[in-house]
Amino acid sequence: ASFSISLRKVDNITVMIKLRPGVLTSCRIRLKNFNMSELKIRPGENVTFTFICGNPEKYFIMEIQKNIDCVSGPCPFGDVYLYPPGLPRLNRTFIWDVKASTKAGLELKFSTPWIRQIEPGERCPDSISYNINSCIDTATVNIGTFCRNGSVSRVKLLGGVVMSLHLPWDSSLTTSGFNIANRASIKRLCIIESILNEESSITLMSPNYPLGFPEDELMTWQFVVPSNMRASVFFHNYSLSNCERKEERVEYYLPGSLSNPEVFKLSDSQPANIAGSFNLSLQGCDQDGQNPGILRLLFQVVVQHPQLDENVTHLVDLSKEWNMTVTIHFEGWPNHIPLMSEPICLICKDPRTCDRVMTLVSGTVYKISFLCKDLSRLRITAEKRISCVDLRWCQRKIYSLLVPKAITQLPIRLHKFIWRLLAPDLINIEITSPSLKLQQHVPEQRCNTSYSYSIVSATSETELNVGVFCPGGSIEKIQMRNNITISLKTFGKGFLNESNHQDLKMSFVPHIKDECIFTVSPDPKAKVYLQTPNWPYGLPPYVSISWYVIVPSKQVARLGFSKDRMGIACETGRAYVNIKEQTSGAEETVRREDELLPEPRNMYHDFWVNASNCKPVDKTQLTLQFWVTVADKQIDLGVILAVVAGAGVLLAIGLTVCCVKKKKKKSQNSMVGVYNSNVNTQVPGKRLLFTKERKNNDSHVYAVIDDAVVYGHLLKEPNGSVSPEVDVYRPFDGPIGSLPPSPPPFSFRKDIKRSSNTEEPQTLMDTDHDAYTFAHQKSGQPEDNGDTTEKNNGDTNMSLLENKEQDGLVE
């Protein structure tokens with residue numbers, strides 16, 4: 001198809017058709033007998049041309065520029081039309097270059113639905129955009145780029161203006177959408193008017209954004225807001241230039257203010273909850289010629305209906321708190337920033353100081369109000385620091401890690417409360433929960449409470465995630481060596497009720513050997529699962545962790561591991577698991593990383609479990625999980641039979657003695673005292689029935705009989721054995737320690753023995769098949785069962801017995 005463009009000279013319009021930048025094509029414009037890549041049609045010319053390809057819109061663009069002189073002649077006030085008609089369907093840009101004096105600015109008025117400003121690089125949904133430039137003498141300032149459907153209704157500019165309208169090739173728009181209203185002196189760079197009739201949110205930018213605002217210039221935004229609506233201003237992105245004179249600032253003309261204009265720094269919280277229309281002005285300064293810097297501003301204006309509870313204040317008394325901050329923020333902060341078009345919740349600490357994020361500091365009392373339709377979108381994050389410098393002073397103090405009531409009474413959900421516990425070298429931290437105790441969150445035993453504690457131990461080089469814990473478990477206390485961060489996180493709305501029962505406490509304690517020590521008092525009604533910190537990634541190299549498990553009296557604990565091996569291979573050092581009961585003469589069970597972990601076993605006393613890591617060959621670190629159950633001790637049937645048999649023997653002896661006493665009174669015949677060394681008349685496990693030790697009393701002299709009648713044969717079984725049999729008591733010969741077990745000394749390690757001696761050491765056999773057992777009884781010490789004196793002095797005892805009998809002292 002051919003196109004004819006006829007331009008009148010009086011219209012002062014020029015049309016340029018040219019290839020898109022960077023496009024290579026064989027498509028050309030054919031004019032008469034010539035093929036060309038671009039065509040320029042000047043005022044007064046009439047041109048007919050064709051394209052020698054079927055889809056020229058892919059390759060060509062068109063610019064239509066109209067020059068308007070408002071300096072030497074009258075301005076064509078009124079609507080601006082898209083001229084000339086009949087243009088080919090190409091992407092086209094209409095440009096109106098209007099010359100005007102700086103003493104009489106120009107006003108561009110936009111028809112509904114008005115326009116809205118967009119950031120550089122942003123595209124309009126319909127690809128139709130306006131670009132406004134102000135021309136002052138030889139300088140050009142980009143006021144901004146705008147899309148259709150917005151709130152900007154008018155733009156007043158000082159001096160001339162270059163107005164551009166970009167249309168896509170398939171647009172059916174036939175009007176420019178604006179008119180030149182009039183001329184008026186404004187004595188500032190520009191004035192942008194924005195009409196906000198309903199709840200909305202708009203974004204505006206300073207001229208030349210993101211480049212610098214012109215030096216020492218002034219511009220104004222006028223916001224038309226109904227008196228029954230409330231507007232709030234938020235600065236989201238700004239920077240300041242380097243001023244030599246004056247000061248960069250913003251000024252507000254606010255309805256009802258007694259001090260207009262109100263001056264703010266760009267770093268200040270901007271006015272909020274403004275009732276009605278207001279003006280905002282940006283003032284630049286004289287910049288440093290060597291280093292001018294950049295003044296720029298991007299801000300948001302939110303208009304919403306008054307909230308029913310905007311006059312309801314909430315007292316937040318932090319006057320008695322120390323080193324604490326409370327931040328009220330929207331959900332997802334700071335990682336998620338809601339879209340500017342979304343409805344927002346505002347937090348106000350006075351009627352004009354409102355923001356989406358408000359930080360309160362300790363030592364102050366606040367009266368907070370909320371401009372928000374849905375308070376469930378708000379959250380609270382608080383942080384408190386506790387430190388110790390002198391252990392002599394702070395060791396005597398117990399700190400309660402509780403969420404203050406000033407926070408829990410607010411109608412907002414607590415998202416997180418963080419305690420940062422700082423301790424210098426050689427001072428450690430102890431966490432206790434006296435009444436509730438703590439449960440470790442593990443896959444087999446998950447927390448189902450409304451809140452939990454995440455505990456992290458950290459130094460400047462490393463960080464150890466101790467684990468997640470919740471109330472209602474078996475862990476009485478946790479001791480850690482480094483600075484600690486405890487984060488309380490809430491789940492659901494139940495925390496408001498459960499917060500009254502918090503009992504987490506902290507104190508500073510002297511230095512401990514291990515990285516972390518847990519004290520556990522298992523619940524007899526449940527199976528307790530415990531696992532190493534930093535789960536599931538494993539302990540860092542060379543870190544040692546200990547658990548001290550308390551076994552109640554008259555109960556027995558069952559200890560078992562969730563897997564049969566540690567699952568690591570060591571490059572340097574060895575990884576160990578140590579188990580030791582806290583009692584005299586207890587054996588210590590040690591397992592190395594290349595050995596099987598112990599089978600489930602019974603523990604009759606308080607015991608230690610220690611895990612020590614090596615430097616692994618690969619990235620796989622030591623992870624260990626074990627379980628503990630507690631049950632009442634079962635009375636052994638053999639012990640019961642032994643006790644019954646012993647009681648029967650004593651009864652028989654008592655009857656015998658009674659009979660002998662009666663017979664003695666009737667007869668004066670010679671009497672014989674017999675000592676039977678093969679009979680043990682003491683009831684097993686009941687040594688305390690006698691007030692004196694056996695070797696110091698006459699309990700072994702059990703019979704004085706007439707006519708040498710010996711009753712010892714009555715106690716023998718048919719096979720000749722003596723019943724009951726009594727075990728030999730082996731007394732403890734050393735002190736009971738309070739420290740957790742440690743890996744075996746260097747001389748006991750298998751790998752060291754093997755490297756120094758070619759012979760394979762003999763395996764120590766025992767009922768549990770432990771690879772290493774260490775008996776703590778002193779070698780060479782004789783066993784004392786209480787019978788030594790009697791056996792060595794049997795003759796003497798016989799003589800004494802006969803003498804006593806003659807004196808009437810033996811019954």
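Analyst: The side chain of Tyr 130 reaches the backbone oxygen of Ser 176 at 2.6 Å, a polar contact, that is, a pair of N or O atoms within 3.5 Å in which, within protein, one atom must be able to donate a hydrogen and the other to accept it, while residues adjacent in sequence count only if both atoms are side-chain atoms. The model is predicted: local features need pLDDT of at least 70, side-chain atom pairs count only at pLDDT 80 or more, and totals for chains, interfaces and linings use all residues. Residues are numbered from 1 along each chain as its sequence is written, and side-chain values use heavy atoms, with hydrogens and water left out.

Tyr 130 belongs to strand E12, residues 129–136; strands (E, at least two residues) and helices (H or I, at least four) are DSSP runs numbered from the N terminus. With a relative accessible area of 3%, Tyr 130 is buried, where buried means under 20% relative accessible area, exposed over 50% and partly exposed in between, using a 1.4 Å probe and protein chains only. Neighbours within four places in sequence aside, Tyr 130 is in contact with residues including Phe 110, Ile 115, Phe 146, Met 163, Leu 165 and Phe 178; contact means heavy atoms within 4.5 Å. Ser 176 is also among these contacts. His 166 lies 36 residues from Tyr 130 along the chain, yet their C-alpha atoms are separated by 6.5 Å.

The surrounding chain may now be considered. The protein chain has seven helices and 56 strands, and 45% of its 811 residues count as buried. Of the contacts between residues at least 6 apart in sequence, 80% join residues at least 24 apart.

Disulfides, pairs of cysteine sulfur atoms within 2.5 Å, number nine. One of them joins Cys 345 and Cys 372, with sulfur atoms 1.7 Å apart. This pair links distant parts of the chain, 27 residues apart: Cys 345 is in the loop between strands E29 and E30, and Cys 372 is in the loop between strands E33 and E34. Both Cys 345 and Cys 372 are buried.

A disulfide also joins Cys 447 to Cys 470, with 2.1 Å between the sulfur atoms. Because Cys 447 lies in the loop between strands E38 and E39 and Cys 470 in strand E40, the pair ties together parts that are 23 residues apart in sequence. The link of Cys 447 and Cys 470 is left-handed, with -90° about the S-S bond.
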